[in-house]
Amino acid sequence: MLASDDDILARAEDWRKAGKGVAIATVVETWGSAPRPVGSHLVIDEEGNFLGSVSGGCVEGAVITEAIDVIGDGKARTLEFGVADETAWRVGLSCGGKIRVFVEKVN
Amino acid sequence: MKLELLSALNRSRAERRAAILITDTASGEQRLVMGEAIAGDAMEDALDAALRSGKSGNVEFEGKTYFLTVQTPPVRLIVIGAVHISQALAPMAKVAGLDMTIIDPRTAFATPERFPDVKLIAEWPQNVLPGIKLDRYSAIACFTHDPKVDDPALEEALRAECFYVGALGSRKTHARRVERLTAQGFTPEQIARIRAPIGLDIGAVSPAEIAVSVLGEVILALRKKPQRAETAAKAGAAA
């Protein structure tokens, strides 16, 4: 079952309050049949633990890697993914969508 | 995002308060606007439209792109009366994404057999509603046309400024209702918020058709910005 946004953002707050480095990734734009709607969140801690989803699986790995960099340098950035490329196809996503994800550190 | 902003966002959700987080995605700068603070904000029109749609998204403002994270409480529909219309409305409301609760003190009506898939409370509304805490993201529809049951719920709904307040009954029944509420100290402007006869005028006849007309009216109240003419007419009627 998908975690609700309530759980996701509450978890980010808990992690940060526990002293962990935390980043929040948010789907800010989609084109075509992207798997997760605009506003969906994925939260990541410095060890790569995460909760939530921005794509239903296909680009989470890349977002988590970038998020750990964001936690490191504190600079927010926007990532763009076409989820119709060869990799996405191989992992079973044939939706042909594109998404833009904003990743920011919780200070 | 600053931790204080994240905490405020989480707190507003727990308290069922609407809020919009505005992010300049180029610079990472952010601010949080609570629902009640939207009127008067520089970005009022965009924020108001976003709140009504309940959807997050990008907006352009003064040459910059901002991402709005829109957080609105789940919409609740409180139905007074475990009647036929409520039986038809329960599955429809569920499909439409409304969190529905039925309240009726008459235990012969309020049985789990008649209402298998919806929250059902066999109590008087005045005993239950304080615990439910009606608010601007709550709709209430009164179907019993028994003043003993409907009136306390209507009074509570008007005080809580529910976005939708509907009551079943003929124009005659409603005229008497208006007299009772006036005697209770409600203003004509407050009373004018009650939609009666209930439901959109689609010529509904059967309980299921009335349920459709009520559901449509709830969605209309939730999503559509009042037209200027309607607002002016209301102000005129209230004066």
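**Sheets, packing and chain contacts in the predicted model**

Strand 5 (residues 76–80) and strand 6 (residues 99–103) of chain B run parallel and are joined by five bridges. Helices (H or I, at least four residues) and strands (E, at least two) are DSSP runs numbered from the N terminus, and two strands are taken to pair if DSSP finds at least two bridges between them. Residues are numbered from 1 along each chain as its sequence is written, with chains lettered from A and ligands numbered from 1 in the order in which they are written. The model is predicted: local features need pLDDT of at least 70 and side-chain atom pairs count only at pLDDT 80 or more, whereas totals for chains, interfaces and linings use all residues.

Helix 3 (residues 84–95) of chain B lies across both strand 5 and strand 6 of chain B, at about 160° to strand 6. Angles run from 0 to 180 degrees between N-to-C directions, and axes are lines fitted to C-alpha atoms, for helices over the stretch in contact. Helix 8 (residues 207–223) of chain B also packs on the sheet, where it touches strand 5, strand 8 (138–142), strand 9 (164–167) and strand 10 of chain B. The direction of helix 8 of chain B makes about 155° with that of strand 9 of chain B. The open sheet has six strands of chain B in the order 7-6-5-8-9-10, with parallel pairing. Its edges are strand 7 (119–121) and strand 10 (194–195) of chain B; each has a single partner strand, so one side of each lacks a neighbour in the sheet.

B:Leu77 belongs to strand 5 of chain B. This residue is buried, because 24 other C-beta atoms lie within 10 Å; the class requires 20 or more, while 12 or fewer means exposed and values in between partly exposed, with C-beta atoms placed from the backbone. Apart from neighbours within four places in sequence, B:Leu77 is in contact with B:Ala93, B:Leu98, B:Asp99, B:Met100, B:Ala139, B:Ala141 and B:Val218. Contact means that the C-beta atoms of two residues, placed from the backbone, lie within 7 Å. The C-alpha atoms of B:Leu77 and B:Thr107, 30 residues apart along the chain, are 21 Å from each other.

Helix 5 (residues 147–159) of chain B has 13 residues and should span 18 Å at 1.5 Å a residue, which agrees with the 17 Å between its end C-alpha atoms. The expected span is 1.5 Å times one less than the number of residues. Buried residues of helix 5 of chain B include B:Val149, B:Asp151, B:Leu154 and B:Leu158. Just after helix 5 of chain B, B:Glu161 has a positive phi of about 55°.

A second open sheet in the description has four strands of chain B in the order 2-1-4-3, paired antiparallel. Strand 2 (30–34) and strand 3 of chain B are at the edges with a single partner strand each, so one side of each has no neighbour in the sheet. Neighbouring strands of this sheet are turned against each other by 30° on average, direction ignored. Strand 1 (residues 19–24) of chain B is joined to strand 4 of chain B by six bridges and to strand 2 of chain B by five. B:Ala19 stands opposite B:Gln71 in strand 4 of chain B and opposite B:Met34 in strand 2 of chain B. Five residues separate strands 1 and 2 of chain B in a hairpin, and B:Gly28 in the turn takes a positive phi of about 85°. Strand 1 of chain B has five of its six residues buried, so it is largely enclosed by the rest of the structure. Helix 1 of chain B lies across strand 1, strand 2 and strand 4 of chain B, at about 25° to strand 2.

Between the chains, 17 residues of chain B are in contact with 18 residues of chain A. On the chain B side, helix 1 (3–14), strand 3 (57–61) and strand 4 (64–71) each supply at least two residues. Helix 1 of chain B gives the largest share, six residues. The side of chain B that touches chain A has six nonpolar, nine polar and two charged residues. Ala, Val, Leu, Ile, Met, Phe, Trp, Tyr, Cys and Pro count as nonpolar, Asp, Glu, Lys and Arg as charged, and the others, Gly among them, as polar.

The model scores ipTM 0.83 and pTM 0.76. Mean pLDDT, the predictor's confidence in each residue from 0 to 100, is 92 for chain B, with 94% of the residues scoring at least 70. Chain A averages 84, and 79% of its residues score at least 70.
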